[in-house]
Amino acid sequence: MPPSSRRASRPAEDREISRVRILKAAAEIASELGYEGTTISRVTKRSGLPASSVYWFFRDKDHLIAEVVRHSFEQWIAAQPRWERDPRDERPLADGLRAILSRSVRTLPGAPDFLRIGHMLLLESREVEAEARQYFLATRDAVASSIAAWFTSYFDTELRARRPELAMDLARIVLASTDGLFLAHQIHDDWDPDDFIEIIVAIVEAAVAD
């Protein structure tokens, strides 16, 4: 890379480093003090960057918290197995579900910021809905749709016609169960992911066979 190109790319790299520092600081404060306790002054103090830097990247606190949730979700989802079934995959539904959950549930104890903050926002009520809450709900809808499509790929034509709501119901069960596991781990860390996976698989198998 020519020297001029290196000089041009450096400011962009520095800006991204500053942006991530701000996001990290905001995530820590939101986890400790909640949405209301997260203030720009606290973020500047924690990040070591001036308020002008915060407002360079984020128009206000609401936008900042939304970007914290977005940044955390994008990092987390990139490391997750895809809810996409290879047409050549002939494993039964139970084995396919075990394979995906065995990877995804083990990342929950790491307490992704988007889950922690998203759940807090879902429990809060305010006149103006937080942008972060809207984004969190939208991501959950998107993930639920992906999981439902994965389940549908295992259903025959008769089952799809007879129980068109089944795939989405199962997707919501998976999401609700992982929510519960995440919250339980915040209380105590004595858990066995394999036992949890087998419970979910058994529920799904029973629902499909009904």
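A142 comes out as partly exposed, because its relative accessibility is 45%. That label covers values between the two cut-offs: buried means under 20% relative accessible area and exposed over 50%, using a 1.4 Å probe and protein chains only. A142 sits in helix α7, residues 131-152. Helices here are DSSP runs of H or I with at least four residues, numbered from the N terminus. Between A142 and A66 there are 76 residues in sequence and 17 Å in space, C-alpha to C-alpha.

A quick word on the model: it is predicted, so local features need pLDDT of at least 70 and side-chain atom pairs count only at pLDDT 80 or more, while totals for chains, interfaces and linings use all residues. Residues are numbered from 1 along each chain as its sequence is written, and side-chain values use heavy atoms, with hydrogens and water left out.

Now for the aromatic rings. Rings of Phe, Tyr and Trp (for Trp, the six-membered ring) pair if their centres lie within 6.5 Å; planes under 30 degrees apart are stacked, over 60 edge-to-face, and the rest tilted. By this rule there are 10 aromatic pairs. Here are two of them:

| Pair | Centre distance | Plane angle | Type |
|---|---|---|---|
| W83 and W150 | 5.2 Å | 85 degrees | edge-to-face |
| W150 and F151 | 5.2 Å | 75 degrees | edge-to-face |

W83 and W150 are both buried. W150 gets that label because its relative accessibility is 4%, and F151 is buried too, at 0%. Elsewhere, F73, W76, F114, Y135 and F136 make up one aromatic cluster.

Last, a helix pair. Helix α9 (residues 166-187) packs against helix α10 (residues 193-209) at about 160 degrees, with the axes 11 Å apart. The axes are lines fitted to C-alpha atoms over the stretch in contact, and angles run from 0 to 180 degrees between N-to-C directions. So α9 is roughly antiparallel to α10; angles over 145 degrees get that name, under 35 counts as roughly parallel, 65 to 115 as roughly perpendicular and the rest as oblique.

Which residues of α9 and α10 make the contact? From α9 they are L166, L170, I173, V174, S177, T178 and L181, and from α10 F196, I200, I203, V204, A207 and V208. Contact here means heavy atoms within 4.5 Å.

Note on methods. Helices (H or I, at least four residues) and strands (E, at least two) are DSSP runs, numbered from the N terminus.
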